[in-house]
Amino acid sequence: VGGYLLSPDGKGMLFTAANMGADDASLSWVDLGNPTAPPKSIFAGGLQTQPINAGSATPTFTVPLTSQGFLSPSGRYYVVGVLAPMVGGSPDMHVIDMDSGADVLVRDNGAFDYLELVLPNDVMVFQDAVGGNGGVAGGAGLQTLFWVDLTSGSPTPTPIATRTGAYSATGDNKTIVYQSADTSELFAWDAVARPAAGTKVASNAANFAVATSGPIAYVGSDRSLHVVTLAGQAVLDVDAATANADLFSPVVISEDGADVYYFQAVDTQDGRGTLMHVAATAGAAPAKIADSASLGDVHPVDGALLYLANVDGTGTMGDAFKSARDGSGATPLGTGVPLGFLGVTTPAGGGSSWLSAHLTMTTENQNQKLADAIRAIVGGLELTTASGTTTIDPTVRIGQFQVSDDLASLVYVGGTAFDATFDNYIGGLEFVPVATPSTKPAMPLLAGVSELGPVVKHSLFVNAPKAPSP
């Protein structure tokens with residue numbers, strides 16, 4: 001499961017094969033334009049494997065390719081970590097062209113341990129420790145931020161800055177905001193013009209977030225809160241005594257840059273804290289939205305805010321709420337939503353519409369290892385839009401619901417129950433129109449379904465091991 005990966009344009013496919021008697025796997029490429037030709041071997045070994053049965057070393061199968069690397073937004077390139085011979089950790093970074101199977105960019109000495117980001121135009125921004133990883137005789141590594149155009153034919157990385165920490169792209173992918181690891185200063189680098197270095201925009205930043213085209217919200221090292229433009233002009237300054245922002249929890253800024261969210265009184269172990277809001281305007285004062293709110297489930301959308309509060313003492317689940325962007329007028333949604341799974345979907349091409357399909361009243365069987373390796377979390381499927389909230393189905397498993405790419409339909413496997421024969425939850429394939437979610441068809445589209453893929457142009461693939469006919 002997960003041992004093969006198709007390029008979105010259908011030109012190439014990668015697949016892995018575990019090496020017998022070893023603890024690694026190979027990687028090969030298939031030309032889908034000529035699939036009867038012999039596969040092209042890219043790596044004879046170096047990819048990760050894992051035991052099939054917990055607690056035992058053998059037998060093994062390969063770790064899913066989506067866990068060992070990632071596709072660029074265009075789908076043209078696959079960025080993957082590969083262990084060099086005689087190396088037990090810190091894989092090298094490789095970039096594979098999905099059209100040709102060529103290994104177009106290699107950074108060795110454990111470069112995949114650092115951060116990589118590929119923009120929609122296939123310009124990659126990444127970090128590497130230059131001069132490091134040389135053993136006891138080598139010098140100290142200098143963590144450097146690079147950019148490289150993967151489509152150039154002979155990709156050659158160019159340095160942007162040294163001694164860098166976290167970095168992030170603006171939502172329009174035109175600017176990279178990065179942090180100096182030495183001074184905690186923030187810099188903005190133009191990803192279109194690609195100058196030799198970034199421009200300093202802020203000082204003493206502990207963590208930060210960027211809006212679609214700016215501005216930048218950041219927590220100061222003294223627990224203050226600030227908003228600046230990409231040119232470094234101050235928009236909002238909240239002093240430390242007033243903001244009292246947690247230094248290590250996320251700060252969130254809405255896509256339009258109008259609202260900022262941060263946390264106080266954080267319980268890191270359970271992923272919760274006091275959620276605060278402040279408008280990104282000069283002189284604005286912060287106000288509390290909720291206590292025991294999930295650190296990873298804060299979603300400002302057009303005209304609303306979705307978040308989880310009342311997170312339990314084990315950091316497992318909480319209650320979903322929808323409110324105005326400033327937190328006022330909060331309306332309870334479903335309870336028992338698992339942390340990290342209050343998903344929000346927006347159109348792939350941009351736009352202000354949104355919806356949230358999520359599970360409520362969930363339970364998890366942590367002892368079940370399912371065929372598709374997704375957690376055994378089951379609950380009621382709930383759909384929230386700007387118009388309201390609708391309960392769709394009482395028994396749906398996590399990951400087994402998809403929204404069409406035009407946000408018109410919600411497709412899911414409903415009425416699921418665990419089937420030991422197939423090591424998975426199986427039910428009926430169903431769908432509802434997002435505009436009228438209460439008008440569910442009387443009969444499932446297909447029975448005996450265990451898995452479904454993404455919905456593209458109103459079509460999808462499903463795995464249906466108990467379907468009445470093949």
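Here is a friendly chat about a predicted model, covering its sheets, cores, aromatic pairs and one aspartate.

Colleague: Let's start with the sheet of four strands: which strands are its edge strands?

Modeller: This open sheet has the order β22-β23-β24-β25, and the pairing is antiparallel. An edge strand pairs on one side only. The two that do so are β22 (252-253) and β25 (287-294).

Colleague: Which residue in β25 is the bridge partner of Gly273?

Modeller: Strand β24 covers residues 272-279. It pairs with β25 in the antiparallel sense, over five bridges. In one of the bridges between these strands, the partner of Gly273 is Ala293.

Colleague: Now the sheet of three strands: what does the twist average from one strand to the next?

Modeller: The order here is β31-β32-β33, again an open sheet with antiparallel pairing. Its edge strands are β31 (356-364) and β33 (388-397). From one strand to the next, the twist averages 20°.

Colleague: And how many bridges join β32 to β33?

Modeller: Strand β32 is made of residues 377-385, and it runs antiparallel to β33. Leu383 has Thr390 in β33 as its bridge partner. The number of bridges joining the two strands is seven.

Colleague: Let's go to the nonpolar side chains. Which residues touch the most other members of the largest nonpolar core?

Modeller: In general, nonpolar side chains tend to be buried together in soluble globular proteins. Here the largest core has 19 residues, and the elements giving it two or more residues are β19 (216-220), β20 (225-228), β21 (234-238), β23 (259-267) and β24. The members that touch the most others are Leu225, Val251, Val260 and Tyr262.

Colleague: How many residues are in the other core, the one with Val396?

Modeller: That core lies apart from the largest one. Its members include Val396, Ile398, Val403 and Leu407. The count of residues is 16.

Colleague: Turning to rings, why is the pair of Phe126 and Phe146 stacked?

Modeller: Aromatic pairs number five in this model. Planes under 30 degrees apart count as stacked. The rings of Phe126 and Phe146 have centres 5.2 Å apart, and they are stacked because their planes are at 15°.

Colleague: Which strands hold the stacked rings of Tyr307 and Phe321?

Modeller: The ring centres of Tyr307 and Phe321 are 5.6 Å apart, with planes at 15°. Tyr307 is buried at 3% relative accessible area, and Phe321 is buried too, at 15%. The two residues are 14 apart in the chain, with Tyr307 in strand β27 (residues 304-309) and Phe321 in strand β28 (residues 317-323).

Colleague: One last stop, Asp419. With which side chain does the side chain of Asp419 make a polar contact?

Modeller: Asp419 lies in strand β35 (residues 409-419). Buried means under 20% relative accessible area, so Asp419, at 13%, counts as buried. Beyond four places in sequence, Asp419 touches Asn424, Ile426 and Lys466. The polar contact, at 2.9 Å, is with the side chain of Lys466.

Note on methods:
Residues numbered from 1 in each chain as written. Predicted model: local features only at pLDDT ≥ 70, side-chain atom pairs only at ≥ 80, totals over all residues. Heavy atoms only, no water. Buried < 20%, exposed > 50% of the residue type's maximum accessible area, 1.4 Å probe, protein only. Polar contact = N/O pair within 3.5 Å; in protein donor to acceptor, adjacent residues only side chain to side chain. Contact = heavy atoms within 4.5 Å. Pairing = 2+ DSSP bridges. Axes fitted to C-alpha atoms, helices over the stretch in contact; angles between N-to-C directions. Core = buried A, V, L, I, M, F, W, Y, C linked by side-chain atoms within 4.5 Å. Phe/Tyr/Trp six-rings, centres within 6.5 Å; stacked < 30°, edge-to-face > 60°.
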